[in-house]
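Please open the model in your viewer and keep the selection tool at hand. The tour goes stop by stop.

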Amino acid sequence: MSDFLNDIQVQFKEAKGFENKYMLLLKLARSGEFLPQDQCVDDNEVAGCEAKVWLKSVQVKGSVQFLASSDSRLIKSILWIIVNIANQSDQTIKVDYIKILLDLGLGNVVSQSRQNGILKIQKAIEKTLEA
């Protein structure tokens, strides 16, 4: 498990109640690195998500790194978690991002519709890593 995931698990465990977890999610993502606006183009769009989502991979020192963005502040915050886990985990192991988000106590923001979008993002990440 990555240091990033360990760190956010501790922070979300300490945040009591859904509202505090939600505010923590938005706060943490404010400091994140996202796909620059000029790269939020059709070629980088993840099809099938309710909100606009863009995902791009780049090679950095022999490994694939991802940057993402969204036109939704909440989805952008969720993407921040997903991308950080993808960038810091063993890229040969499939990651269940929905389970991670639920385990963080974010079940209220991971609606069925958002789960479908997260699965599309997960498939895009896995497809890139398999190439």
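Which residues have the most contacts inside the largest nonpolar core? Select Ile78, Ile81 and Leu106: they have the most contacts inside this core of 40 residues. A nonpolar core here is a set of buried Ala, Val, Leu, Ile, Met, Phe, Trp, Tyr and Cys residues joined through side-chain atoms within 4.5 Å. Buried means under 20% relative accessible area, exposed over 50%, and partly exposed in between (1.4 Å probe, protein chains only).

A note before going on. This is a predicted model, in which local features need pLDDT of at least 70 and side-chain atom pairs count only at pLDDT 80 or more, while totals for chains, interfaces and linings use all residues. Residues are numbered from 1 along each chain as its sequence is written, and side-chain values use heavy atoms, with hydrogens and water left out.

Now colour the elements that build the core. At least two core residues come from each of α1 (3–14), α2 (18–30), β1 (53–60), β2 (63–70), α3 (73–88), α4 (97–103) and α5 (112–130). The helices (H or I, at least four residues) and strands (E, at least two) are DSSP runs, numbered from the N terminus. The most comes from α3, with ten residues.

Next, centre on Leu106. Show its contacts (heavy atoms within 4.5 Å). Leaving aside neighbours within four places in sequence, Leu106 meets Phe12, Lys21, Leu25, Ile81 and Leu101.

Select α3. Its 16 residues reach 23 Å from first C-alpha to last, close to the 22 Å expected at 1.5 Å a residue. The expected span is 1.5 Å times one less than the number of residues. Of the 16 residues of α3, 13 are buried, so the helix is largely enclosed by the rest of the structure.

Stay on α3 and pick Asn87. Is Asn87 buried or exposed? Asn87 counts as buried, at 18% relative accessibility. Its side chain reaches the backbone nitrogen of Phe66 at 2.7 Å. Beyond four places in sequence, Asn87 touches Val64, Gln65 and Phe66.

Move to the loop between β1 and β2 and select Lys61. Lys61 is not a glycine, yet has a positive phi of about 50 degrees. Lys61 is exposed, with a relative accessible area of 85%.

Last stop: Gln122, in helix α5. Gln122 is buried, with a relative accessible area of 11%. What does Gln122 touch, not counting residues up to four places away in sequence? Show Val95, Asp96 and Tyr97: Gln122 touches these residues.

Note on methods: Polar contact = N/O pair within 3.5 Å; in protein donor to acceptor, adjacent residues only side chain to side chain.
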